[in-house]
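Welcome! Please take a moment to look over the sequence and the 3D view before reading on.

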2 protein chains.
Amino acid sequence: MPSLDFWYEFGSSYSYPAAMRIDKQAAKSGVEVKWRPFLLGPIIAAQGMTDSPFNLYPVKGKYMVRDLERTCAALDLPFSMPDPFPQNGLYAARLAIIGADEGWAADFSRAVYLAEFGDGANIFSKELLANILSDLGVDASSCLNEIESPEAKERLKIQTAKAQDLGIFGAPSFIAGGELYWGNDRLEQAVDQAAKAG
Amino acid sequence: MPSLDFWYEFGSSYSYPAAMRIDKQAAKSGVEVKWRPFLLGPIIAAQGMTDSPFNLYPVKGKYMVRDLERTCAALDLPFSMPDPFPQNGLYAARLAIIGADEGWAADFSRAVYLAEFGDGANIFSKELLANILSDLGVDASSCLNEIESPEAKERLKIQTAKAQDLGIFGAPSFIAGGELYWGNDRLEQAVDQAAKAG
């Protein structure tokens, strides 16, 4: 079955609509989605930036909010910016890596994004994450213990280094058939490329 | 007739595919395009950047080239990056403002973009610009004299200040029905909005 890698950061605003629609969009073309959470912060820092470009350049940040309002309205998704932005996606990303092994990464990630950009909630909250895990029938306290282990921390570091090695500099990004695509707007192209590459 | 404002910078790579397709795309929806050349440099400088983000962040710059190769291939447009990038669009922008009065701004701008991003030519060249003007049946030497006048310089400064006042921070940008859209990817949305706003 053809597949594509979906690289996403929980703090990233445009990863929200991408996460909400990618499985359906890919399924239409018979493409499987591999969910790859990573941290954008270290990659942005390596480029010499000290914050999200949307905060560094407020005019761009203001536009981004309006653009996302329109994008979410067109997709019938609720939208509310969290404060502060960007949210710290560290716990969620470590959890999603566990979820990728156990088959609940996609459902978990969508629930986190809906809380964050649908309700404007703070996702750097073990309580919120525990509720999401429990709703999915996952053992929340076991997972929340596990993400404090050296192994869980190391796995996210390795995944982030891999993203950087692949030339990823923003989120969401897609890798399909040897091509890198950046941005929610490129999802359709990435799916087509994955289907073509077979 | 419904209309939209097309704000473009001659040095901007993504303004190239937008310029090549906007008139046809808008005509399908009965929308008139108002061509508004401006300078992005002063606006980027006001945000504290000293160069194009594609040069400041080379990983992003490398991606941009590949993304444009794909975009241009899909549109059947030739593509070749000019060196250096970005090119200085000062003369071309002053000329296009004259062209907007005289009815040749769109043809002139497309020809400049084709030379720059189709052939990789240097557009900060009065010889190249003179050839383009002559091909359009425009009095090249008169126009090239006119762009050294205080009036021509002032008009471009005013146009650039207007872009900044409108919240424009990148190119291409579109303003339609009171909404700002940024990027070649938003052209269709801007045309729809213009048609809806009527």
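## Before you start

This is a predicted model, in which local features need pLDDT of at least 70 and side-chain atom pairs count only at pLDDT 80 or more, while totals for chains, interfaces and linings use all residues. Residues are numbered from 1 along each chain as its sequence is written, and chains are lettered from A and ligands numbered from 1 in the order in which they are written.

## The sheet in chain A

Let us begin with chain A, where 4 strands make an open sheet of mixed pairing, in the order β2-β1-β3-β4. Helices and strands here are DSSP runs numbered from the N terminus (helices are H or I with at least four residues, strands are E with at least two). Two strands pair if DSSP finds at least two bridges between them. At the edges stand β2 (32-37) and β4 (179-182) of chain A; each has a single partner strand, so one side of each is left without a neighbour in the sheet. On average, and ignoring direction, neighbouring strands are turned by 20° against each other.

Within this sheet, β1 (residues 3-8) and β3 (residues 173-176) of chain A run antiparallel and are joined by 3 bridges. Phe6(A) has Phe174(A) of β3(A) opposite it. Helix α1 (residues 15-28) of chain A packs on the sheet, where it touches β1 and β2 of chain A, and its direction makes about 165° with that of β1(A). Such angles run from 0 to 180 degrees between N-to-C directions, and axes are lines fitted to C-alpha atoms, for helices over the stretch in contact.

## A hairpin in chain B

Over in chain B, strand β3 (residues 173-176) is antiparallel to β4(B), with 4 bridges joining the two. Ser173(B) has Trp182(B) in β4(B) as its bridge partner. With 2 residues between them, β3(B) and β4(B) form a hairpin, and Gly177(B) in the turn has a positive phi of about 50°.

## Two helices side by side

Helices α1 (residues 15-28) and α10 (residues 187-197) of chain B pack at an angle of about 30°, their axes being 11 Å apart. From α1(B), the contact draws on Ala18(B), Ile22(B), Gln25(B) and Ala26(B); from α10(B), it draws on Leu187(B), Glu188(B) and Val191(B). Residues are in contact if their C-beta atoms, placed from the backbone, lie within 7 Å.

## A look at Phe54(B)

Phe54(B) belongs to helix α3 (residues 53-56) of chain B. Is Phe54(B) buried or exposed? Phe54(B) is buried, because 20 other C-beta atoms lie within 10 Å. The cut-offs are 20 or more such atoms for buried, 12 or fewer for exposed, and partly exposed in between, with C-beta atoms placed from the backbone. Leaving aside neighbours within four places in sequence, Phe54(B) is in contact with Lys60(B), Gly61(B) and Met64(B).

## Where the chains meet

The contact between the chains takes 11 residues from chain B and 11 residues from chain A. On the chain B side, α4 (58-75) and β4 (179-182) are the elements that give two or more residues, and α4(B) has the largest share, with 4 residues.

A rotation of 180° with 0.0 Å of shift along its axis superposes chain B on chain A, with an RMSD of 0.0 Å. That is the relation of a two-fold axis. In chain B, Asp185(B) has the C-alpha nearest the axis, 3.7 Å from it. Copies are superposed by least squares on the C-alpha atoms of residues with pLDDT of at least 70 in both. The same surface serves both copies, as 100% of the contact residues of chain B recur in chain A.

Terms used: Two residues are in contact if their C-beta atoms, placed from the backbone, lie within 7 Å.
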